[in-house]
Amino acid sequence: MRIVVLAGGIGGARFLRGLKAAAPEAEITVVGNTGDDIHLFGLKVCPDLDTVMYTLGGGIHEEQGWGRADETFTVKEELAAYGVGPEWFGLGDRDFATHIVRTQMIGAGYPLSAVTEALCARWQPGVRLLPMSDDRVETHVLIEADGERKAVHFQEYWVRLRASVPAQAVLPVGAEAAKPAPGVLEAIAAADVIVFPPSNPVVSIGTILAVPGIREAIAEAGVPVVGLSPIVGDAPVRGMADKVLAAVGVESTAAAVAAHYGSGLLDGWLVDTVDAGVVGEVEAAGIRCRAIPLMMSDLDATTRMAREALDLAEEVRA
Ligand code: GDP
Ligand code: CA
């Protein structure tokens with residue numbers, strides 16, 4: 001079985017662990033969000049690709065959910081001693097090595113997709129990890145600060161400001177001119193099932209779908225597309241997804257997120273048991289819906305979620 005998953009960082013990566021366990025024979029292609037990418041200290045940092053790579057490759061800081069396990073911050077401290085920031089973005093020493101290798105390869109002319117493949121040769125994530133595009137796409141968030149409207153990089157909004165000011169718009173800058181990375185459209189066309197894990201619907205999956213051709217390819221693939229809600233009990237399980245959902249005029253409910261993707265894209269949707277009350281509403285919108293426990297508390301729970309997603313896919317295929 002060939003499965004394509006569109007993934008952001010933590011939510012996508014944790015779900016993928018369960019999917020690998022639920023379908024050990026499957027060939028899994030992950031289309032990763034690169035709208036969160038940022039250049040820091042002259043280095044190209046790809047937070048979501050790295051979270052997937054480290055999580056599946058065994059290098060992740062488990063409790064934190066991002067960054068390397070067993071990390072130290074000497075380089076960051078030394079940079080700060082020179083007054084060189086930003087200090088709000090935590091890059092550890094081990095993590096720095098990844099960004100140095102990536103930046104060096106890009107400087108030598110390799111596209112991001114080839115660089116990602118090279119990095120994965122070390123981590124062996126057990127999936128094929130593709131960036132959504134080799135072209136630069138950068139998510140910016142429009143905010144009002146000191147009576148002035150301005151666009152800030154997504155990381156500045158998310159990490160420095162902790163989404164504490166209202167987002168007026170989310171702009172995937174460069175997306176309209178970006179091309180899907182080599183292999184992305186081919187993987188979608190060859191897929192038996194397409195899965196939207198419980199990743200951020202706006203700044204993770206939404207950004208991937210903003211690359212021209214990807215949304216269309218999924219809609220036209222003619223195979224089941226199933227998703228899992230990142231919103232449980234009308235709030236994100238972790239993080240501040242409600243803030244960017246508000247910016248695109250979507251309520252923070254499992255039903256509203258399903259409607260946001262729409263029945264033109266989504267065939268099946270899993271909501272948490274606490275949201276069982278919305279199943280009828282989602283089904284009335286033309287999307288098959290089931291309520292099951294959706295907390296990725298451990299590998300067993302996550303594996304059950306992945307199995308339910310695959311079962312739901314078979315149900316809508318029939
Ligand atoms: P990011 O790039 O690191 O923000 O990660 P993603 O976009 O992949 O996923 C973020 C989303 O994952 C958040 O909106 C969370 O609500 C969701 N999430 C995290 N843990 C869980 C969980 O255990 N269950 C569910 N249903 N969603 C989760
Ligand atoms: Ca992200």
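This is a predicted model: local features need pLDDT of at least 70, side-chain atom pairs count only at pLDDT 80 or more; totals for chains, interfaces and linings use all residues.
Across the interface of domain 1 and domain 2, the rule finds zero salt bridges, where a salt bridge is a side-chain nitrogen of Lys or Arg within 4 Å of a carboxyl oxygen of Asp or Glu. What the rule does find across that interface is nine residue pairs in polar contact, both residues being at pLDDT 80 or more. A polar contact here is a pair of N or O atoms within 3.5 Å; within protein, one must be able to donate a hydrogen and the other to accept it, and residues adjacent in sequence count only if both atoms are side-chain atoms.

Residues are numbered from 1 along each chain as its sequence is written, chains are lettered from A and ligands numbered from 1 in the order in which they are written, and side-chain values use heavy atoms, with hydrogens and water left out.

Now to the two domains themselves. Domain 1 covers 2–134 + 176–317 and domain 2 covers 138–175, with bounds that come from an automatic or database domain assignment. Their C-alpha centres lie 20 Å apart, and 23 residues of domain 1 are in contact with 19 residues of domain 2, contact meaning heavy atoms within 4.5 Å.

How much area is buried between domain 1 and domain 2? The value is about 1,700 Å², and carbon and sulfur atoms give 65% of it; buried area is the accessible area (1.4 Å probe) that two parts lose on being put together, summed over both. On the side of domain 1, Trp 88, Met 240 and Ala 247 lose the most area to domain 2, together 34% of what that side buries.

For the whole chain, there are 13 helices and 14 strands, which are DSSP runs numbered from the N terminus (helices H or I, at least four residues; strands E, at least two). The chain has 318 residues, for which a compact globule would have a radius of gyration near 20 Å, so the 19 Å of this chain agrees; that radius is taken over C-alpha atoms, and the globule rule is 2.2 Å times the number of residues to the power 0.38.

The side chain of His 140 makes a polar contact with the side chain of Glu 138, at 3.1 Å. If we leave aside its neighbours within four places in sequence, His 140 is in contact with several residues, including Val 152, Phe 154 and Leu 171.

Although the domain interface has zero salt bridges, a search of the whole structure finds eleven. In one salt bridge, the side chains of Glu 62 and Arg 17 meet at 2.6 Å, N to O. This pair links distant parts of the chain, 45 residues apart, with Glu 62 in the loop between α2 (47–57) and α3 (74–81) and Arg 17 in helix α1 (residues 10–22).

Finally, two details of the backbone. The peptide bond from Gly 85 to Pro 86 is cis, with omega near 10 degrees, and Pro 86 has its place in the loop between α3 and α4 (93–107). Arg 162, a residue other than glycine, has a positive phi, near 50 degrees, and is found in the loop between α6 (154–160) and β8 (167–173).
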